[in-house]
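The entries follow the order in which I looked things up.

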Amino acid sequence: MRLEALAGVGAFAIYAATACRTLPFGDAGELVVAASCLGVAHPPGYPLWTMLARGALAAPIGEPAFRVAILSACCAALAVSVLAAGLRRATGSPAAALGGAAALAFGATFWGAATTAEVYALHVLLLLGFLGAAWRLGTAPTATERAWAVFAAGGALGLGLSHHPTIVLAVPAAVVLGWPARRTLGARAVALAATLALALPAAFYLSLLLRSRLEPLANWGEPKTLGALFAHAAAIQYRGNDLGAAGLLRPAAWARIASWAWSDGAGGVALAATAGVAFGSHPRRLVGAALLLFAAAATFAARYAVEDVDAYLLPASVGLAVSAGIAVAAVDRRDRRAGFAAALLVAGVPFVANLGALDRRTFTAARDYGRDILATVPPGGILVFEGDDGFLPWYLQHLGGERPDVTLVDADGHLGRRIPDLPAFLRDELARPRPRAIVITNPPEFPLPEPWEARPWGLFLRLARTGDAPFDDGALWDAYRGASVLEQATRRGDFWGRTAAAWYPLGRAWRAWSSGDAQTGRRCLEEAVRIAPDSEAVRNLAGTLAATAGDLVLAEREFEAAATVKPSSWRAWANLAQAREMLGDYAGALAARREAGKLERR
């Protein structure tokens with residue numbers, strides 16, 4: 001137990017020291033606000049995590065996002081300790097326990113999850129608890145111990161399902177680990193475990209029904225009926241991202257996964273995993289479970305067509321870490337000193353390689369970008385955003401007290417007050433004798449009432465009357481923090497950070513094209529694409545800007561790129577179809593429209 005405790009305490013100390021002190025990019029803004037009011041987060045709702053995060057928010061340290069980041073550090077450290085304990089028991093090698101635990105702890109994806117206000121550290125902890133119980137089930141010498149082990153496995157699976165449904169990816173590995181006990185389990189113990197695995201998620205998700213009916217500040221999708229709750233918990237909203245068998249045939253997806261497997265631990269974990277299999281290390285069930293875990297996560301990631309797929313590969317990180325531990329055990333059996341040297345190598349390579357990028361103590365890019373978004377809105381104005389664009393300002397306003405004069409409106413209807421008919425809302429607002437300033441983050445997909453139009457205004461667009469004098473937004477650009485956002489996002493390789501950084505040159509491109517400076521517009525657009533070539537949002541807006549400027553060839557190229565990096569984007573395929581049709585490529589337009597139709601039906 002001392003070894004496991006040492007691994008966990010050491011990991012926590014590193015995570016707490018490198019944790020993000022403020023808001024990170026991604027879903028954190030929305031998740032922390034949902035936790036603060038015990039509301040409903042985006043699908044699947046995260047009922048267990050929001051309860052734990054609500055408790056973490058009571059800690060008198062730092063700002064709310066940092067408090068929840070410390071919760072992530074605690075969960076990640078416990079996961080490291082659980083893995084160390086499991087590897088020590090399975091291999092009998094302290095070096096294997098330390099090597100495998102460190103391989104997980106210092107991998108880039110897991111380390112990142114451990115230092116931000118996100119849900120994935122808890123997911124890995126529950127997944128390891130489930131696998132550990134399954135291993136205990138397969139090795140327990142007595143019927144009583146096996147009964148307790150199957151009961152623990154059912155409880156861990158139930159808690160995992162109460163948090164993130166993708167824990168089912170670990171079920172094949174758990175079956176392999178517990179396989180020796182298949183003929184000795186009592187029917188009563190199995191029934192109790194199955195009941196627990198089903199009852200826990202049912203209870204937690206039903207709590208979302210009650211929360212939603214209490215009208216909390218965060219009430220994504222308003223799941224107030226059992227049907228709506230099921231759709232929310234099953235993440236039906238995101239089902240279109242699953243390309244099914246077609247996703248498995250995408251070479252780009254597998255190239256991305258191979259690149260991740262190599263770079264996540266700076267290659268050390270992947271090499272150790274290969275060595276572990278090559279040595280033929282025992283126990284073979286552990287090797288098989290590790291490979292199954294990696295394969296299940298990789299298959300899911302290949303099918304699930306989103307740009308930031310790394311978080312869904314965390315079960316694969318566990319599989320690689322287990323394989324690394326097995327490889328160290330194989331070396332350790334031949335030479336104890338060589339075993340500890342191998343453990344230090346497996347731990348040291350990813351730690352040194354990832355420390356610079358994952359030390360988030362001074363990371364302020366997300367907060368800076370969120371403040372620039374709010375600064376774009378004139379006093380007393382309205383900001384109309386879509387989905388993720390609003391997470392940062394929503395957090396800053398509701399938990400940071402910044403810009404309470406701004407009215408935040410989610411065009412998708414997920415955050416804050418639901419607007420059932422956005423065009424009607426804007427029409428009524430613009431019909432006032434003195435309408436408020438309205439800023440929109442994306443070009444409107446519906447006609448604006450006469451005589452209003454959308455004009456470039458800082459990062460986004462502002463509604464103005466046709467014929468009014470052009471806006472002077474020079475003061476906004478002078479105050480923006482775009483250079484800092486770009487520097488921090490590039491240094492850390494942050495996908496969402498690079499996407500945000502690209503918005504600054506995109507805004508300048510729109511501004512230049514609107515004033516007739518096509519050369520500057522194209523240069524700024526190319527700069528944005530260089531910053532975030534793998535972002536569907538950036539490539540899609542770049543295509544929209546090019547089409548608005550009359551460059552349909554460039555627009556088609558950008559829409560094709562958007563559909564390539566995110567094949568599940570209905571918007572990219574629909575835009576591509578329209579661009580091809582305008583260019584006279586009717587066969588290509590029909591093919592793109594078919595893809596858009598498939599996604600719409602999903």
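Below are my entries, beginning with the ground rules.

**Ground rules.** I am working with a predicted model, in which local features need pLDDT of at least 70 and side-chain atom pairs count only at pLDDT 80 or more, while totals for chains, interfaces and linings use all residues. Residues are numbered from 1 along each chain as its sequence is written, and side-chain values use heavy atoms, with hydrogens and water left out.

The axes are lines fitted to C-alpha atoms, for helices over the stretch in contact, and the angles run from 0 to 180 degrees between N-to-C directions. I listed Leu31, Ala35 and Ser36 of α2 and Trp49, Thr50, Ala53 and Arg54 of α3 as making the contact, where contact means heavy atoms within 4.5 Å. By class, the residues of the contact of α2 with α3 are four nonpolar, two polar and one charged; Ala, Val, Leu, Ile, Met, Phe, Trp, Tyr, Cys and Pro count as nonpolar, Asp, Glu, Lys and Arg as charged, and the others, Gly among them, as polar.

I then followed helix α3 (residues 47–56) to helix α4 (residues 64–91), and found that they pack at an angle of about 120° with their axes 9 Å apart. The two helices α3 and α4 are therefore oblique to each other. On the α3 side the contact is made by Trp49, Leu52, Ala53 and Ala56, and on the α4 side by Arg67, Val68 and Leu71. The contact of α3 with α4 has six nonpolar residues, no polar ones and one charged.

**The loop between α2 and α3.** I next looked at the peptide bonds and found that a cis bond joins Pro43 and Pro44, with omega about 10°; Pro44 has its place in the loop between α2 and α3. Tyr46 is also found in the loop between α2 and α3, and I noted its phi near 50°, a positive value in a residue other than glycine. Is Tyr46 buried or exposed? With a relative accessible area of 4%, Tyr46 is buried, the cut-offs being under 20% for buried, over 50% for exposed and partly exposed in between (1.4 Å probe, protein chains only).

**Two further backbone entries.** The peptide bond from Glu450 to Pro451 is cis, with omega near 0°, and Pro451 is found in the loop between β3 and β4. Glu222, in the loop between α10 and α11 (226–233), has phi near 45°, again a positive value in a residue other than glycine; at 25% relative accessibility, Glu222 counts as partly exposed.

**The nonpolar core.** Which residues have the most contacts inside the largest nonpolar core? The core has 179 residues, and I wrote down Tyr15, Phe25, Trp49, Phe110 and Tyr369; such a core is a set of buried Ala, Val, Leu, Ile, Met, Phe, Trp, Tyr and Cys residues joined through side-chain atoms within 4.5 Å. Leaving aside its neighbours within four places in sequence, Tyr369 is in contact with Phe25, Leu392, Leu459, Phe460, Val485, Ala500, Trp503 and Tyr504.

Ala197 lies in helix α10 (residues 187–213) and is buried, with a relative accessible area of 8%. Ala197 and Gly154 are 43 residues apart in sequence, yet 4.7 Å apart in space, C-alpha to C-alpha. Not counting residues up to four places away in sequence, Ala197 touches Gly154, Leu157, Gly158 and Leu161. In helix α19 (residues 422–430) I found Leu422, Ala424, Phe425, Leu426, Glu429 and Leu430 buried, and the buried residues of α19 pack against β1 (382–385), β2 (407–410), β3 (438–440), β4 (452–457) and β5 (460–465).

**Helices α24 and α25.** My last entry concerns helix α24 (residues 536–548) and helix α25 (residues 552–565), whose axes come within 8 Å and cross at roughly 165°. That makes α24 roughly antiparallel to α25. The residues of the contact of α24 with α25 divide into ten nonpolar, three polar and three charged.

Conventions: Helices (H or I, at least four residues) and strands (E, at least two) are DSSP runs, numbered from the N terminus. Angles under 35 degrees count as roughly parallel, over 145 as roughly antiparallel, 65 to 115 as roughly perpendicular and the rest as oblique.
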